[in-house]
Amino acid sequence: RNIVIQDLLVPYIHEMTEAEVSYVIGLKADLQSLGFEIEHYIISSGLKEIIEGSEIGDKFKCIFASEFFYNEDGNAMWPKLAVNYTNKTQFLMRINKGILDISDDNRLNDKMLENDRRISTSNMIYLGDGLTDVPCMKLTKESGGVSIAVYTDKNRNMANKLLNDGRINYMVPADYREGTEIDCIVKKTIDAMVINTELKNITYK
C-alpha cells in the first residue's frame, strides 16, 4: 500500500477553529479511493499532554513532543523527553522507517534499504512555524519532500528568509480554511505525490 504523509505542526493548536480542525482531519476520502492513505503526525517542542488534550489530539497517528515522567499520584517528577531543533529530525527518520517507538533506538539505527522503508521521504509534507522546525524543513526538502513555512505577521520575515535561502519550498499565511493558499498547495502537492508514486510503480513493474 502506498502512503502519503502529511507531517503537520499547527501553531496555537488549542485555539483552532472548526474550519481548521476540518482541514487537519480531512483530505482522506479521495486518496483512499485511489488506494492511498494520508497520515498526520506532530513533531513539536511543546508539551505532548497539551496536544493530546486538544480537540484534534486523537486525529494523529503519532505525536512526538516533549513530555514529563509522572509518579503514581500523577505529579510530574522530571522531563521524560525533551524535543528541540537538534533532535526533531530523528522523528522524521522514525516515520520514514516505521519505527514510532521512541525507546527503540537499535532498529532506528539499523541499515534499511530505501524500498523497505514504510514511508518515502519524497511523500512527506512538513509544515513548520518556528525556528525549531528549520532542520526538519530543510531535510524534508533535500530528501525530495515538500516543506512549507506557515507564518503570521510576527514571523513573516523569518519565513521569507528561509525561502530565499532555499530551505523550504513554500511560505504561506497561517490560514487553514478551504480555498486558501495553504489548502491549494497541500492538495496539489498530494496530487503530484500520488502521480509520481504511480509512475514509479509502473517503472518497477
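Of the 205 residues of the protein, 44% count as buried. The model is a predicted one. Its secondary structure comes to eight helices and seven strands. The accessible surface is about 11,300 Å². Carbon and sulfur atoms hold 49% of that surface. Contacts were also sorted by sequence separation. Among those with a separation of 6 or more, 50% join residues 24 or more positions apart.

The largest nonpolar core has 21 residues. Within this core, Ile 43, Phe 64, Ile 95 and Met 137 touch the most other members. Another core lies apart from the largest one. This other core has 15 residues, including Ile 38, Val 150, Val 186 and Ile 190.

Strand 3 spans residues 62-70 and contains Ser 66. Ser 66 counts as buried because its relative accessibility is 11%, and the cut-off is under 20%. Its surroundings were then traced, leaving aside residues up to four places away in sequence. Glu 49 lies 17 residues from Ser 66 in sequence. The C-alpha atoms of Ser 66 and Glu 49 are 8.6 Å apart in space.

Two of these neighbours are reached by the side chain of Ser 66 through backbone atoms. At Ser 45, the side chain of Ser 66 reaches the backbone oxygen at 3.2 Å. At Val 83, the side chain of Ser 66 reaches the backbone nitrogen at 3.0 Å.

Cys 62 has a relative accessibility of 15%, so Cys 62 counts as buried. Cys 136 is buried as well, because its relative accessible area is 0%. The count of disulfides in the model comes to zero. For that count, a pair of cysteine sulfur atoms had to lie within 2.5 Å.

Definitions and conventions
Residues numbered from 1 in each chain as written. Predicted model: local features only at pLDDT ≥ 70, side-chain atom pairs only at ≥ 80, totals over all residues. Heavy atoms only, no water. Helix = DSSP H or I, 4+ residues; strand = E, 2+ residues; numbered from the N terminus. Buried < 20%, exposed > 50% of the residue type's maximum accessible area, 1.4 Å probe, protein only. Contact = heavy atoms within 4.5 Å. Polar contact = N/O pair within 3.5 Å; in protein donor to acceptor, adjacent residues only side chain to side chain. Core = buried A, V, L, I, M, F, W, Y, C linked by side-chain atoms within 4.5 Å. Areas by Shrake-Rupley, 256 points an atom, 1.4 Å probe, with all protein chains shown as cover.
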